[in-house]
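Subject: Model handover and notes

Hi,

Here is the structure I promised to pass on to you. Please load it first, and then read my notes alongside it.

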Amino acid sequence: MSVKVEQIDACRWRLPREGAMRTDGLVFASRQMMAFLQQEQALEQVRNVATLPGIVGPSIGMPDIHWGYGFPIGGVAAFDADEGVVSPGGVGYDINCGVRLLRTDLEVSEVRPHLKQLADALYRNVPSGVGSHRKDLKLSVEQERKVLVRGARWAVEQGFGRPEDLEHIEEQGTIAGADPELVSDRALERGRNQLGTLGSGNHFLEVDLVEEIGDEQAAAALGLFSGQVVVTIHTGSRGFGYQVCDDYLRTMLHAARKYGIELPDRQLCCAPLSSPEGKQYLAAMACAANFAFTNRQLITAWVRESFEQVLGKGPAELRMSLIYDVCHNIAKWETHQFEGKKRRLCVHRKGATRAFPPGHPDTPAAYRHVGQPVLIPGDMGRYSYVLVGTQGAFEETFGSTCHGAGRVLSRHAAKKQARGHNVEAELAAQGIHIRAASRATVAEEIPEAYKDVMEVVGVVQQAGIGKIVARLKPLAVIKG
Ligand SMILES: Nc1nc2c(ncn2[C@@H]2O[C@H](COP(=O)(O)O)[C@@H](O)[C@H]2O)c(=O)[nH]1
Ligand SMILES: [Mn+2]
Ligand SMILES: [Mn+2]
C-alpha cells in the first residue's frame with residue numbers, strides 16, 4: 001500500500017492532511033528508508049494517529065518506525081489537556097520499556113580476560129528468559145503496592161543501589177499519580193513473580209566497549225571515554241505492564257464509544273484526558289512505569305554484584321555509576337511551547353525517547369550544559385549509541401527522538417535467515433559472548449533482524465533531533 005508523502009528535505013517527509021486527519025504526519029527518514037517504509041503499514045498508522053481528537057502538532061514518525069499495535073513503534077503524538085485523548089496503544093504493551101547505561105572506570109583490556117566469567121555471572125545473577133526469577137526476592141502484596149507507587153526509590157530504600165542513582169533516572173525513577181487500586185488482581189499477581197527479571201526477546205543486558213567518541217565535551221560530562229567498559233540494560237514492566245495495557249484496552253474501547261470518538265482502527269481506542277477513564281489509565285500506567293524503573297534498579301544491583309564477584313572490586317572502586325535511565329514507551333504530562341504559547345500536553349512516546357536539550361530543568365544537573373542522555377540500542381552484533389537531546393528536538397518533536405534501530409525482519413523471517421548458522425559461535429568469533437535462555441531467541445534476534453542503527457542515528461543527527469556522543473560495541477550479551 002502506498003501512502004501519499006511529500007519530501008521536505010533530505011530527512012523529513014510530510015504526510016499531508018487529508019480525509020479524517022486533523023493534522024499532517026511528519027516522518028524522519030532517509031530516501032532509502034522511505035522507499036522501504038512505503039511498503040509498510042507504519043505510515044498508514046502515522047496517518048491514523050493524526051485523526052485522533054486534540055492532537056497538537058503533527059503525528060510524528062522516527063527513523064526507526066515500524067508497525068505497532070494501533071500506533072506505530074517509533075511514534076510520537078502530543079495531545080491537548082482539554083481536547084485531547086490518551087491511548088494505551090500510544091504507549092504500548094511494555095509500559096516504560098526503557099534503557100539504562102552504567103559506566104565503569106575499567107578499560108577493555110582489564111575485562112577481556114574475564115569476559116566469559118563475567119557473562120556467566122551476569123547470566124546467573126540476573127534472571128532472564130520465561131519463568132525465571134530470583135529465589136531471594138519474594139514480594140508481599142503490600143510490598144508490591146509500594147513498588148508501584150515509589151518506583152526505583154523503593155528499590156534504593158531496600159538497599160538496591162544508592163540514592164544518587166535516582167538523580168540519573170527520568171523522573172527520578174518515580175512517575176507521580178500512580179494508584180495501585182486501579183490495577184487488576186491479575187496484573188498484581190503477574191507482577192509479583194516477575195519483578196527483577198530481564199524478560200525475553202529484544203530485552204537484554206550487555207557489556208559494551210566505548211568504541212568511538214563523537215562529542216568529547218558531552219562524553220566527559222557523562223563520564224565516558226574511548227576504550228571504556230560500560231553496561232546497557234534494556235527491559236520494561238514485564239507481565240505487569242502487559243496486563244495493565246490489556247485490561248485498559250477493554251476500558252478504552254468502551255470509552256471511545258461512550259465519548260463518540262471515531263476510530264479508523266479499533267487498536268487506537270482511547271479516552272479523553274479529562275475523563276475518568278483517561279485519568280484512571282494514566283494512574284495505572286504510572287504503576288507500570290514505576291514497576292519498570294524498579295525492575296531496572298534491581299537488575300543494576302545484581303550487575304554491580306556480578307562485577308564484584310568476577311573482578312574482585314566493588315562498585316565504588318570501579319566507579320560504577322548510573323549514567324542515565326530513559327523510558328521509551330510512555331505517555332507523560334509535559335510543558336511545551338507550541339505556536340508561541342506554553343501548553344500542557346500529554347506526550348505519547350511509543351518506541352521513542354525523551355531528548356531534552358541543554359538547559360532544560362528536567363535534565364540532571366550534571367548534564368545540564370550538554371543535554372539529557374539518550375540511549376539508543378542497535379543490535380547484539382554491531383553497535384549501539386549514546387546521544388544527547390537538542391533544542392531542535394524540543395522545538396520540532398516535543399523533545400523526542402528515536403529509540404533503537406527498529407526491526408526489518410519479522411521473528412519468523414529472522415529465524416529462517418538464521419537457519420544453518422551457529423549464531424553464537426559466529427558472534428563469539430567476533431569477540432561477542434552470548435548467553436541466552438533459548439536458541440530460538442538468539443535466532444530471532446540476529447543483527448540482520450534490525451536496521452543498521454548507524455543510519456538511524458545519522459538521520460536523527462542530520463535532522464538536529466539528537467546529537468551523537470559515543471558509539472558502543474557489544475562484548476557480552478545476556479538475552480532471555
Ligand atoms: N545493543 C543491542 N540492541 C538490541 C538488542 N536487541 C534489540 N536491540 C535494539 O533495541 C531496540 C529497542 O527495542 P524495542 O523492543 O524497545 O522496540 C531495537 O529496535 C533494537 O535496535 C541487543 O541484543 N543488543
Ligand atoms: Mn524497549
Ligand atoms: Mn520492552
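First, some ground rules. This is a predicted model, in which local features need pLDDT of at least 70 and side-chain atom pairs count only at pLDDT 80 or more, while totals for chains, interfaces and linings use all residues. Residues are numbered from 1 along each chain as its sequence is written, chains are lettered from A and ligands numbered from 1 in the order in which they are written, and side-chain values use heavy atoms, with hydrogens and water left out.

Let me start with the metals. For donors I took N, O and S atoms within 2.8 Å of the metal (3.2 Å for Na, K and Ca); water is not among the atoms, so sites may look incomplete. The manganese ion that is ligand 2 has Cys 97 (SG), His 234 (NE2) and His 328 (NE2) as its donors, at 2.1 to 2.3 Å. Their spacing in sequence reads C-x136-H-x93-H. Cys 97 sits in the loop between strand S6 (85–86) and strand S7 (98–107), and His 234 in strand S9 (residues 228–235), so this pair ties together parts that are 137 residues apart in sequence. Helices (H or I, at least four residues) and strands (E, at least two) are DSSP runs, numbered from the N terminus.

The other manganese ion, ligand 3, is held by Asp 94 (OD), Cys 97 (SG) and His 203 (NE2), which lie 2.1 to 2.3 Å from it. Here the donor spacing is D-x2-C-x105-H. Cys 97 bridges the two manganese ions, ligands 2 and 3, which are 3.5 Å apart.

Cys 97 is buried, with a relative accessible area of 5%, and His 234 is buried at 7%. Asp 94 is buried too.

Asn 96 is also worth a look, as it lies in the loop between S6 and S7. Its phi is near 55°, a positive value in a residue other than glycine, and Asn 96 is buried at 0% relative accessibility.

**The shell around ligand 1**

Ligand 1 is surrounded by 18 residues, and the closest are Asn 202, Glu 206, Gly 378, His 403 and Ala 405. A residue is near a molecule if one of its heavy atoms lies within 4 Å of it. By class, the shell holds 6 nonpolar, 8 polar and 4 charged residues. The nonpolar class is Ala, Val, Leu, Ile, Met, Phe, Trp, Tyr, Cys and Pro, the charged class is Asp, Glu, Lys and Arg, and the others, Gly among them, count as polar. Strand S8 (204–213) and strand S19 (467–479) each supply at least two residues of this shell.

For polar contacts I used pairs of N or O atoms within 3.5 Å; within protein, one must be able to donate a hydrogen and the other to accept it, and residues adjacent in sequence count only if both atoms are side-chain atoms. An N or O atom in the side chain of Asn 202 is 2.3 Å from an oxygen atom of ligand 1. For Lys 479, a polar side-chain atom lies 2.9 Å from an oxygen atom of the ligand. The side chain of His 328 has an N or O atom 3.0 Å from an oxygen atom of ligand 1. Taken alone, ligand 1 exposes 510 Å², and the protein buries 94% of that. Those areas come from the Shrake-Rupley method with a 1.4 Å probe; for residues, only the protein chains shown count as cover.

**Helix H11 and other residues**

Helix H11 (residues 276–311) has 36 residues, which should span 52 Å at 1.5 Å a residue; its end C-alpha atoms are 53 Å apart, which agrees. The expected span is 1.5 Å times one less than the number of residues. Of the 36 residues of H11, 30 are buried, so the helix is largely enclosed by the rest of the structure. Gln 309 lies in H11 and is partly exposed, at 45%. Just after H11, Gly 312 takes a positive phi of about 70°.

Asn 329 belongs to strand S12 (residues 329–338) and is buried at 10% relative accessibility. A polar atom of its side chain lies 3.0 Å from the backbone nitrogen of Gly 351.

Best wishes

How values were computed: Buried < 20%, exposed > 50% of the residue type's maximum accessible area, 1.4 Å probe, protein only.
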